[in-house]
Amino acid sequence: MNDERVLIVGSGALACLFAARLAAAGVQVAMLGSWQAALQAISQQGIRLTTLDGQQNVVRVFATADPEEVQGVRYAIVLVKSWQSERAARQLHHCLAMEGVALTLQNGWGNREILSQILGAERVALGVTTLGATLLAPAVVRQAGDGMISLGAQPRLAPLVNCLRQAGFELEICQNLEALVWGKLVINAAINPLTALLGITNGELLQRPTARQLMHRAAEEAARVAKAQGIALPYDDPIEMVETVAQRTAENVSSMLQDGRRAGISTPTLELLWHLVRALVEKTDEFSPSQGVVETLTPDPSPAGRGEIDSLLP
């Protein structure tokens, strides 16, 4: 028996944003996550969403940690951290319909491959989004920026695309989606680890000479990795682009980390940042509402006091 609800896998900032907007547009939505505080808040109070124009809405959405309760869903959007992809895939293995499709809009690299190993390639679709959202508390989210959802061609996606358009999301079908994924990865690799470690906004990276230099080095290393993979980035100068993004998102407190290490390329700056962030994750494990959590250029967070450290972690 098929379940016609759109399943959002995750309960973090972007997961709540997508769930709230879809539900508000009349789409039947369910959420599958593992962060108990968020699932409880969603079930008891609904998702509280503040839009870009400052309007506040509370949207009721069904949320669960049990895949059996969403058995037979045909369409899923995966918005968990990269290091949670395998767990998400195993959850979907128990509930995604055989003719269904899971769309990953996650940051990082290799999410599609992990999902495909467990679900089968024909049931997985790849996408990239530049939407932004700030998690203020469990199930309390503020839209931090509008943006595009770029999708690769996948014949099973058409009904889900219609649902997303119904909710007002801007979509495009992209022929060179791999380049967009890498372009986003390079920028995130340069900005997000530093903001997480230093506890500063994106814009403040430009005001601190040492941090700015590290940002440049990380962008260059990640771009070299992309080149070694035969990827033509969607911009010519990674340093110029990372500066532009940091300025454009100056007030954001970025949450995601990206691992650009590939093909045996030496990446000492990224490697150092990886270990520093890993140490930060091992140190803290509580949510701090005063910090907030931003998912941008993006996505169930681990407790956000760790800066909602993302897909850099294994």
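Which residues in α6 meet which residues in α9? From α6 come Val186, Ile187, Ala190 and Ile191, and from α9 come Pro238, Met241, Val242, Val245 and Ala246. The model is predicted.

**Helix α6 with helix α9**

- Helix α9 spans residues 238-248.
- The axes of α6 and α9 lie 10 Å apart, and the two helices pack at an angle of about 65°.
- The crossing of α6 past α9 is right-handed.
- Nine nonpolar residues make up the contact of α6 with α9, with no polar and no charged residues.

**Helix α6 with helix α8**

- Helix α6 runs over residues 177-198, and helix α8 over residues 209-228.
- These two helices pack at an angle of about 150°, and their axes are 9 Å apart.
- The angle lies over 145 degrees, the cut-off for roughly antiparallel, so α6 and α8 are roughly antiparallel to each other.
- Here too there is a handedness to note: α6 passes α8 in a right-handed crossing.
- On the α6 side, the contact uses Trp182, Val186, Ala189, Ala190, Ile191, Leu194 and Leu198.
- On the α8 side, the partners are Ala211, Leu214, Met215, Ala218, Ala219, Ala222, Ala223, Val225 and Ala226.
- By class, this contact of α6 with α8 holds 16 nonpolar residues, no polar ones and no charged ones.

**Helix α3 with helix α4**

- Helix α3 covers residues 85-95, and helix α4 covers residues 111-119.
- Their packing angle is about 30°, and their axes are 9 Å apart.
- α3 passes α4 in a right-handed crossing.
- α3 brings Ser85, Glu86, Ala89, Arg90, Leu92 and His93 to the contact, while α4 brings Asn111, Ile114, Leu115, Ile118 and Leu119.
- The contact of α3 with α4 has six nonpolar, three polar and two charged residues.

- Ile47 sits in strand β3, which covers residues 47-50.
- Is Ile47 buried or exposed? Its relative accessibility is 0%, so Ile47 counts as buried.
- Beyond its neighbours within four places in sequence, Ile47 is in contact with several residues, among them Cys16, Ala19, Ala20, Met31 and Ile42.
- The contacts of Ile47 also include Asn57, Val58, Val59, Val61, Ala139 and Val141.
- Ile47 and Arg60 are 13 residues apart along the chain, and their C-alpha atoms are separated by 6.4 Å.
- Ala139, one of the contacts of Ile47, lies in the loop between β9 (132-137) and β10 (140-145).
- Ala139 is not a glycine, yet Ala139 has a positive phi of about 70°.
- Ala139 has 2% relative accessibility and therefore counts as buried.

**Thr129 in a strand**

- Thr129 belongs to strand β8, residues 124-129.
- Thr129 counts as buried because its relative accessibility is 0%.
- A polar atom of the Thr129 side chain lies 3.3 Å from the backbone oxygen of Met148.

**Gln71 in a loop**

- Gln71 is found in the loop between β5 (62-64) and β6 (73-78).
- The side chain of Gln71 reaches the backbone oxygen of His94 at a distance of 3.0 Å.
- Gln71 and Cys95 are 24 residues apart in sequence, and the distance between their C-alpha atoms is 4.2 Å.

**Leu197 in α6**

- Leu197 is part of helix α6.
- At 28% relative accessibility, Leu197 counts as partly exposed.
- Leu197 and Ala279 are 82 residues apart in sequence. From C-alpha to C-alpha, Leu197 and Ala279 are 9.8 Å apart in space.

Key:
Residues are numbered from 1 along each chain as its sequence is written. This is a predicted model: local features need pLDDT of at least 70, side-chain atom pairs count only at pLDDT 80 or more; totals for chains, interfaces and linings use all residues. Side-chain values use heavy atoms; hydrogens and water are left out. Axes are lines fitted to C-alpha atoms, for helices over the stretch in contact, and angles run from 0 to 180 degrees between N-to-C directions. Helices (H or I, at least four residues) and strands (E, at least two) are DSSP runs, numbered from the N terminus. Angles under 35 degrees count as roughly parallel, over 145 as roughly antiparallel, 65 to 115 as roughly perpendicular and the rest as oblique. A crossing is left-handed if the near helix is turned anticlockwise from the far one by less than a right angle, and right-handed if clockwise. Contact means heavy atoms within 4.5 Å. Ala, Val, Leu, Ile, Met, Phe, Trp, Tyr, Cys and Pro count as nonpolar, Asp, Glu, Lys and Arg as charged, and the others, Gly among them, as polar. Buried means under 20% relative accessible area, exposed over 50%, partly exposed in between (1.4 Å probe, protein chains only). A polar contact is a pair of N or O atoms within 3.5 Å; within protein, one must be able to donate a hydrogen and the other to accept it, and residues adjacent in sequence count only if both atoms are side-chain atoms.
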